[in-house]
There are 2 protein chains.
Amino acid sequence: MLFYEDLEIGKVSKFGSYAVTRAEMIEFASKYDPQAFHLDDEAAAQTHFGRLSASGWHTCAMMMAMLVENIQATEQAGLGSPGIDNLRWIKPVFAGDILRCESETTSKRRSKSRPEMGIFKTRTVVYNQNDKPVLTMESNGLIKVRE
Amino acid sequence: MLFYEDLEIGKVSKFGSYAVTRAEMIEFASKYDPQAFHLDDEAAAQTHFGRLSASGWHTCAMMMAMLVENIQATEQAGLGSPGIDNLRWIKPVFAGDILRCESETTSKRRSKSRPEMGIFKTRTVVYNQNDKPVLTMESNGLIKVRE
């Protein structure tokens with residue numbers, strides 16, 4: 001298992017490959033973000049998006065799927081997250097895009113109120129297949145202390 | 001339609017009612033956040049969450065469903081969002097919870113690069129049925145200018 005003590009500041013991890021499909025985009029948007037420009041080609045063409053794009057929250061969900069796969073592959077003793085700073089949807093995500101992630105651990109400290117936990121900050125960038133960033137965020141993570 | 005010109009700084013809107021179900025929590029987590037404490041009662045009981053809770057991104061998605069319902073009910077000429085600041089998951093969301101939202105418009109300005117758009121900031125709090133905040137965020141929204 002990878003614990004708080006093992007987190008290396010400045011270490012960049014590259015992981016994930018998520019193929020965005022039109023069917024999944026529309027399924028997510030129908031349920032959680034049914035704005036016309038996430039559901040309808042013609043409505044999307046009339047906006048600054050240009051064509052049908054994924055809900056920003058769907059992009060977050062797809063990123064999380066990649067993050068969790070990486071947490072599990074690297075056996076991180078993660079305990080969830082209290083929150084996110086500076087979440088930015090930089091470019092629209094389209095059907096056919098292939099997303100991937102790069103994450104850098106930027107800081108870490110022991111929790112004062114819960115000494116069995118550490119708190120760490122990560123900067124994550126989601127790229128598309130053209131190596132263009134589509135989403136950036138800074139997340140706060142909780143992780144078990146080894147001792 | 002409600003345009004940029006109609007946004008009132010300091011106005012608080014209360015809206016939404018979202019019943020959280022165990023089936024939906026597990027469906028979302030299976031797809032996008034398959035950490036044991038979002039899927040399995042026993043694993044959840046062993047963490048600081050205490051019992052099975054919704055993925056934080058699922059809470060965001062449920063909030064967005066309420067936000068979009070309100071955008072459409074009030075006929076806001078919304079054009080999506082460039083991002084979110086200070087997203088915080090304050091309390092776990094459990095099956096059986098009923099969520100609702102309060103949003104306050106905190107600032108607005110015309111876009112310099114795209115004069116047909118305005119940019120506004122909103123502070124949103126998601127409450128559970130006990131009037132406890134479970135999520136807070138500050139969002140940046142784009143909206144059409146009337147003229």
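**Figure 1. Strands β3 and β4 of chain B pair in this predicted model.** Strand β4 of chain B covers residues 117-127. It is joined to β3(B) by 10 bridges. The two strands run antiparallel. B:Ser107 marks one spot in this pairing: it stands opposite B:Lys121 in β4(B). Helix α3(B) packs on the sheet. It touches β1, β2, β3, β4 and β5 (133-144) of chain B. The direction of α3(B) makes about 120 degrees with that of β1(B).

**Figure 2. An open sheet of 10 strands includes strands of chain A and chain B.** The order is β1(A)-β3(A)-β4(A)-β5(A)-β2(A)-β2(B)-β5(B)-β4(B)-β3(B)-β1(B). Pairing is antiparallel. β1 (12-19) of chain A and β1 (12-19) of chain B stand at the edges. Each has a single partner strand, so one side of each is left without a neighbour in the sheet. Neighbouring strands are turned by 20 degrees against each other on average, direction ignored. On the chain A part, α3(A) packs on the sheet. This helix touches β1, β2, β3 (98-110), β4 (117-127) and β5 (133-144) of chain A. Its direction makes about 120 degrees with that of β1(A).

**Figure 3. Strand β2 of chain A pairs with β2(B) and with β5(A).** Strand β2 of chain A spans residues 83-89. Four bridges join it to β2(B), and the two run antiparallel. Two residue pairs show the link between the chains. A:Ile84 stands opposite B:Leu87. A:Leu87 has B:Ile84 as its bridge partner. Within chain A, five bridges join β2(A) to β5(A), again antiparallel. Here A:Trp89 has A:Leu135 in β5(A) as its bridge partner.

**Figure 4. The two chains meet through the same surface.** The contact takes 27 residues from chain B and 27 residues from chain A. On the chain B side, the elements giving two or more residues are α1 (22-32), α3 (56-73) and β2 (83-89). The residues on that side divide into 14 nonpolar, nine polar and four charged. Why do the copies meet through the same surface? Because 100% of the interface residues of chain B are also interface residues in chain A.

**Figure 5. A rotation superposes chain B on chain A.** The rotation is 180 degrees, with 0.0 Å of shift along its axis. The RMSD is 0.0 Å. The two copies are thus related as by a two-fold rotation axis. Which C-alpha of chain B is nearest the axis? That of B:Asp85, which is 2.7 Å from it.

**Figure 6. Phi is positive at A:Glu75 and at A:Asn86.** Most residues other than glycine have a negative phi. A:Glu75 has a phi near 55 degrees. It is found in the loop between α3 (56-73) and β2 of chain A. Is A:Glu75 buried or exposed? It counts as exposed, because 11 C-beta neighbours lie inside 10 Å and the cut-off for exposed is 12 or fewer. A:Asn86 has a phi near 50 degrees. Its place is in strand β2 of chain A. With 14 C-beta neighbours inside 10 Å, A:Asn86 counts as partly exposed.

**Figure 7. B:Ala95 lies in a loop of chain B.** The loop runs between β2 and β3 (98-110). B:Ala95 is partly exposed, with 16 other C-beta atoms within 10 Å. Buried would need 20 or more. Leaving aside neighbours within four places in sequence, B:Ala95 is in contact with B:Val20, B:Thr21, B:Arg22, B:Met25 and B:Leu52. B:His38 is 57 residues from B:Ala95 along the chain. The C-alpha atoms of this pair are separated by 11 Å.

**Figure 8. Chain A has three helices and five strands.** Along the sequence, chain A follows the pattern β-α-α-α-β-β-β-β. Its C-alpha trace spans about 55 × 30 × 20 Å along the principal axes. Chain A has 147 residues, of which 35% count as buried. Of the contacts in chain A with a separation of 6 or more, 71% come from residues 24 or more positions apart.

Conventions. Residues are numbered from 1 along each chain as its sequence is written. Chains are lettered from A and ligands numbered from 1 in the order in which they are written. This is a predicted model: local features need pLDDT of at least 70, side-chain atom pairs count only at pLDDT 80 or more; totals for chains, interfaces and linings use all residues. Two residues are in contact if their C-beta atoms, placed from the backbone, lie within 7 Å. Ala, Val, Leu, Ile, Met, Phe, Trp, Tyr, Cys and Pro count as nonpolar, Asp, Glu, Lys and Arg as charged, and the others, Gly among them, as polar. Two strands pair if DSSP finds at least two bridges between them. Copies are superposed by least squares on the C-alpha atoms of residues with pLDDT of at least 70 in both. Axes are lines fitted to C-alpha atoms, for helices over the stretch in contact, and angles run from 0 to 180 degrees between N-to-C directions.
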